[in-house]
Amino acid sequence: MTDQLRDSAAGGDVRLTGIGKTYGAFTAVHPLDLTVPQGSFFALLGASGCGKTTTLRMIAGLEEPTSGTVVIGGQDVTALPPYRRPVNTVFQSYALFPHLDIFENVAFGLRRRGRKDVKKQVEDMLELVELGQFARRKPHQLSGGQQQRVAVARALINHPQVLLLDEPLGALDLKLRRQMQLELKRIQTEVGITFVHVTHDQEEAMTMADTIAVMNGGRVEQLGAPADLYENPASTFVANFLGQSNLITAQVTGAEGTDLLLSAGGVRLAVPKARCATGAKEIYLGVRPEKITIAHASAEVAGNRNRLGGTVVDSSFIGVSTQYVVRTDAGQEVAVFEQNMERDARIVPGAPVVLHWNPAHSFGMDAAQAIDAGTGEAAA
Amino acid sequence: MSRIFTWIRSHLVVLAGVLALAYLVLPNLVVLAFSFNKPQGKFNYEWSEFSTDAWTNPCGVADMCQSLSLSLQVAVLATIGATVLGTMVAFALARYRFRGRGATSAMIFLPMAMPEVVMAASLGTLFLNMRIPFGFVTILIAHIMFCLSFVVTAVKARVMSMDPRLEQAAQDLYATPVQTFLRVTLPLAAPGIAAGALLSFALSFDDFIITQFNSGPTTVTFPMFVWGASQRGIPVQVNVIGTAMFIAAVALTVGGQWLGNRRKAVA
């Protein structure tokens with residue numbers, strides 16, 4: 001079964017060239033170029049209304065692009081209707097046919113292409129998703145997680161070159177979602193088909209995908225491997241949307257070796273030149289909350305570290321770690337996640353502290369953009 | 001004392017249900033009882049003696065079975081015509097935006113809202129002016145017209161509540177537009193279409209006013225026959241037909257429910 005699937009997956013590149021979509025005066029997707037290599041697990045990540053689902057639907061053929069072309073496995077499919085494209089979709093809320101039983105739902109695609117011997121294939125597929133004994137049930141008699149697996153089976157049985165997933169886990173509870181993420185990842189590795197996955201859940205995208213395209217306002221903000229996006233965000237939107245970031249406004253004052261020297265309200269900081277793509281004079285210095293060490297103001301700190309003084313405003317204990325909010329001497333709030341290993345009992349709200357981190361863990365970006373983009377508090 | 005109140009309170013809904021049912025069914029039971037009567041004189045209003053004469057010889061009354069057959073023919077054809085046309089209208093109204101859509105939507109309701117006698121008279125005038133001879137065809141046209149509203153209403157409600165993603169999923173799974181319609185859209189709309197068809201049949205079979213204004217001298221439907229007969233005394237056979245129709249309708253409804261429940265339980 002899986003060998004068969006693997007053979008059919010040959011040449012499953014998806015190439016989008018200048019593809020865009022407008023509805024009257026509203027631009028849902030600005031013309032974009034995107035290449036999804038064959039066999040990869042690709043995620044389109046963004047908040048609702050960012051154009052990620054529209055992009056997916058243009059690949060499926062359910063939405064007609066206003067401009068550009070869609071090429072799948074070397075074949076230009078832009079003008080083809082959905083039923084003639086070598087792709088299958090797992091829909092949000094699954095869209096299982098309520099009048100057909102599970103067996104017939106899964107057999108639907110095979111039957112439409114005139115296959116006669118569907119029984120064996122459908123049974124094998126139902127075994128793969130561990131739903132063999134439910135073949136004669138109707139969709140509404142299954143739980144959300146089971147329905148989700150039927151939706152995946154119904155799509156995969158057709159050996160598509162590309163499997164499109166439109167927020168397939170959105171309707172599941174947290175625990176089941178984590179389980180299905182691993183399950184989907186396992187199936188993808190097993191069958192080797194190109195997966196294009198649309199989600200608004202950054203953790204889900206990072207867990208599953210090889211490559212993530214972060215979308216915002218109908219544009220791709222940044223494209224890369226999860227770790228790369230996390231460590232080197234190219235914009236404040238990516239920095240805030242993918243995990244949490246502390247962004248500190250600073251002026252570039254000079255350079256020293258491989259570092260840029262900065263001044264933030266009189267405090268001297270450093271950032272590696274390689275992690276600061278902009279040539280601007282005013283920049284945001286970014287640092288992830290878990291990279292910062294928090295210490296009592298009286299503690300010794302090595303001289304080569306970035307250092308900020310401040311006062312603890314809030315602390316919340318969440319088991320594996322404690323999350324602090326610290327107001328720096330310059331008046332900015334900084335989040336710090338500290339592993340619960342050797343806690344200093346003096347670090348309580350109101351206590352004077354010093355925050356320090358390795359300069360190599362900082363990144364810099366042009367300050368000529370909204371500092372709160374992608375936080376959910378920003379207007380758009 | 002308080003126990004009696006508790007009992008009443010917990011059984012009030014059942015009691016109300018039984019009373020309502022009795023109110024609805026009692027007339028039918030009287031019709032059933034009098035279908036076994038052997039009346040003295042012309043009128044079948046007083047019980048005299050038990051007899052199965054009417055049941056063993058249902059067509060024993062002159063012209064009655066011809067009128068019944070005519071009514072059934074009209075009802076079947078009107079149902080087919082109204083269901084096909086009405087389903088198409090319903091899909092057009094539910095799925096597409098076009099010029100005149102609002103007007104069509106409003107006009108569809110008109111036959112349900114307008115007094116039947118007004119519609120009957122205007123239709124009659126129309127046929128007369130167009131020099132279309134009254135007869136089977138005029139009855140059929142009139143019946144399809146007023147059944148259409150009910151089919152459109154029933155099917156439209158169903159189509160509006162359908163998830164458009166189901167059809168997209170079908171297309172995504174290699175179904176051509178025609179296959180999508182036959183394999184997904186139509187089965188999903190079927191309950192609405194069936195409801196519309198059943199309503200059409202019942203309405204057409206039993207219509208008197210519109211038929212009276214638009215029928216010819218030789219086209220006497222069953223309701224018209226009963227009306228005519230009532231002047232001279234309704235034959236017992238009319239009770240037989242009435243009872244048979246009632247039983248058929250009940251069997252159809254109960255059968256449908258049972259089938260639905262069984263499908264749910266098995267599936």
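1. Val71(A) sits across from Asp76(A), which belongs to β5(A). Keep in mind as you look at this spot that the whole thing is a predicted model.

2. Now zoom out to the strands around that pair. β4 of chain A, covering residues 67-72, pairs with β5(A) in the antiparallel sense, and the pairing runs over two bridges. If the word "antiparallel" is new to you, here is the background: strands of a sheet pair through backbone hydrogen bonds, and they can do so either parallel or antiparallel.

3. What is the order of the strands in the sheet? Going across, the order is β2-β1-β4-β5 in chain A. These four strands make an open sheet, and the pairing is antiparallel.

4. Which strands stand at the edges? They are β2 (26-36) and β5 (75-76) of chain A. Each has a single partner strand, so one side of each has no neighbour in the sheet.

5. A helix joins the picture here. α2 of chain A, residues 52-60, packs on the sheet and touches β1 (14-23), β2 and β4 of that chain. Compare directions and you'll find that α2(A) makes an angle of about 120 degrees with β1(A).

6. Time to look at chain A as a whole. The C-alpha atoms fill a box of roughly 80 × 45 × 35 Å along the principal axes. Of the 380 residues in chain A, 43% are buried. Among contacts in chain A with a separation of 6 or more, 66% are between residues 24 or more positions apart.

7. Chain A also comes in parts: domain 1 spans 2-231 and domain 2 spans 244-366. Taken over C-alpha atoms, the centres of these two domains of chain A are 40 Å apart.

8. Next, where do the chains meet? On the chain B side, 16 residues are in contact with 19 residues of chain A. The elements of chain B giving two or more residues to this side are α7 (164-172) and α8 (177-206). α7(B) gives the most, with six residues. By type, the residues on the chain B side split into nine nonpolar, four polar and three charged.

9. Last point, on chain B itself. An unreviewed UniProt entry places the feature "domain: ABC transmembrane type-1" at residues 68-256 of chain B. In the model, that span is 83% helix and 0% strand. Its end C-alpha atoms lie 25 Å apart.

Terms used:
Residues numbered from 1 in each chain as written. Chains lettered and ligands numbered in written order. Predicted model: local features only at pLDDT ≥ 70, side-chain atom pairs only at ≥ 80, totals over all residues. Contact = placed C-beta atoms within 7 Å. Nonpolar A, V, L, I, M, F, W, Y, C, P; charged D, E, K, R; others polar. UniProt positions renumbered as here; feature names shortened; annotations may be inferred. Pairing = 2+ DSSP bridges. Axes fitted to C-alpha atoms, helices over the stretch in contact; angles between N-to-C directions. Domains from an automatic or database assignment. Buried ≥ 20, exposed ≤ 12 C-beta atoms within 10 Å, placed from the backbone.
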